[in-house]
Amino acid sequence: MRKTWRIVTLVSFIMTLIILGVGVVFLYSDYKVYRFFKSIDKGQWADTKEYYDDLSPSQQQTVRANIDGYAHELCREYSLGERTYAEITASFDAINSLGDVSELYDRHITEINYNELKRSVEELYKANTSYDADGAIKAKSKIENVQKRMDTATKETLLIQMLNDKYQEYLDCKIDESKMMSFIAVVAGMTYYDAHSYTGLIGSNVACVEKYREIYTQFQTMLEEDKYFEILDAYDAVYAGIDPADTVYRGKYQELYQTVFYDGMDYYEAKLDNLIAASDGEAAVALMKEIEQRYGSAFDLASAKNELASDWQKTYLQIAMNYEAILQTEFSKTADGVYIFENEYQRLRPDSMLLYDVDKNGVAELFLFNSNVATEENTECFAFTYADGNYVYLGYVNILSFCTDSNIIALPSEFNREFAEEHVLLRFSGTALEQKKYTKKDGETYAVDGQEVSDADFLTAQTSIVDHANNQRPSTMDYIDLSDYESYILAY
């Protein structure tokens, strides 16, 4: 019985040793992986390489599968402040000792260096702005340490990126101009290369931003003063200069424009109504022209124009709008008109317009002419008046001078004739131009109303005609281009 117990005890002991041995083998395998990662954790790069080489192929495969996640965890701890810059860089140096993980190393160490440099520059910036000398010294020391781990090109790239990030904060109105310029000064003091040049560009951008922010404030004041036209005139140029990344002020300007546009429309509509009610046609037309320049078809001026225009003006607007068709219709009614259309119209095709009240009855007569063939002596015109609700075509008239009374001094309505000294006095009856007297001197021959007379009688008759002259003719007066007919007619 005792012998049996000894055998059982011996077998149990042997089995225990076997189990412990197997456990040690398995645990030691896990331990080797553990000590590899622990060496990275401590930044012991020489041990890391040695421990990695000591791993079995399957263990190395396990390490490879988990090294990226482990690197992410290290970065997370650094970002939370659980690891210092010295500790995190030592760990990544250990990872880099493996030799074929450069992509992993470069990807993370670049971000770490940027974050450390950014953090250190921010500390220096805050120390400078708060006059913290000790803080500035510590920050500069950190900057020197991180700069040792990057080449000049990388440093310049990171500094430029930092300037862009800080500039975006400024555009987002998270910091003001003074803080932005202080940050620029910090970066400018750290480099003499690309980033230093870039500080000048960013500084110029800040000046531009401050300018359009200042103009925005001015626009707000102008809005309170109802200066809608002035804002609209300046808006496009200012808006075009807003930094594309400045979403804050782009939004502000867009909102301002909507307010200016629609409030201005209401304001000028009321102002125009008041001018029309006061029968101030000239001011109303001037305002309508300005409205049209800014608002175009968005502002319906048709009703205002209709309300402002008298019947004769509405009629003249139609003539000016369709003058060629109307002239051709009138030419077809007479032999002289047909001749003018077939032989003279290309030369006389109107490009200009003049309104002149011949008989001073408050309704102007309309004269169309070609400014290219008008001279200082005479102007060949097509004349219209208004009577009994319709236009009246007065015909072709070659004006030498308007008169102090209801007359026009002209040349005969003839073409291709030899030079002669001629004057025709046309009496305007309100619906027609009637020839009252005609004098002609051709060499030594004198004629009055077609009858040959003495030189004395000729001079007497000629004097009786020219005494009516006020020495004004369309070509020497304030005529306008036909394209401007609308405001010209309405403002008369």
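Biologist: Where is the place of Glu452?

Modeller: Glu452 sits in strand S9; strands (E, at least two residues) and helices (H or I, at least four) are DSSP runs numbered from the N terminus. Bear in mind that this is a predicted model, where local features need pLDDT of at least 70, side-chain atom pairs count only at pLDDT 80 or more, and totals for chains, interfaces and linings use all residues. Residues are numbered from 1 along each chain as its sequence is written, and side-chain values use heavy atoms, with hydrogens and water left out.

Biologist: OK, is Glu452 buried or exposed?

Modeller: Glu452 counts as exposed because its relative accessibility is 67%. Exposed is over 50% relative accessible area, buried is under 20%, and partly exposed is in between (1.4 Å probe, protein chains only).

Biologist: And which residues is Glu452 in contact with, leaving aside neighbours within four places in sequence?

Modeller: Those are Thr445, Tyr446 and Ala447, where contact means heavy atoms within 4.5 Å.

Biologist: How many bridges join S8 to S9?

Modeller: Three, and the two strands run antiparallel; strands pair if DSSP finds at least two bridges between them. Tyr446 stands opposite Val453 of S9. S8 and S9 form a hairpin with two residues between them, and Asp449 in that turn has a positive phi of about 50 degrees.

Biologist: What about S7 and S8, how many bridges there?

Modeller: Four bridges join S7 (residues 433-442) to S8 (residues 445-448), again antiparallel. Lys440 has Ala447 of S8 as its bridge partner. This hairpin also has two residues between its strands, with Gly443 in the turn at a positive phi of about 70 degrees.

Biologist: Switching to helices: at what angle do H9 and H11 pack?

Modeller: H9 (residues 194-224) and H11 (residues 247-277) pack at about 20 degrees, with axes 11 Å apart. Axes are lines fitted to C-alpha atoms, for helices over the stretch in contact, and angles run from 0 to 180 degrees between N-to-C directions. That angle makes H9 roughly parallel to H11, since under 35 degrees counts as roughly parallel, over 145 as roughly antiparallel, 65 to 115 as roughly perpendicular and the rest as oblique.

Biologist: Which residues make the contact?

Modeller: Among them are Tyr212, Ile215 and Phe219 of H9, and Tyr253, Leu256 and Val260 of H11.

Biologist: Last one: is Asn113 buried or exposed?

Modeller: Asn113, found in helix H5 (residues 102-129), counts as buried because its relative accessibility is 5%. Not counting residues up to four places away in sequence, Asn113 touches Tyr85, Val146, Arg149, Met150 and Leu158.
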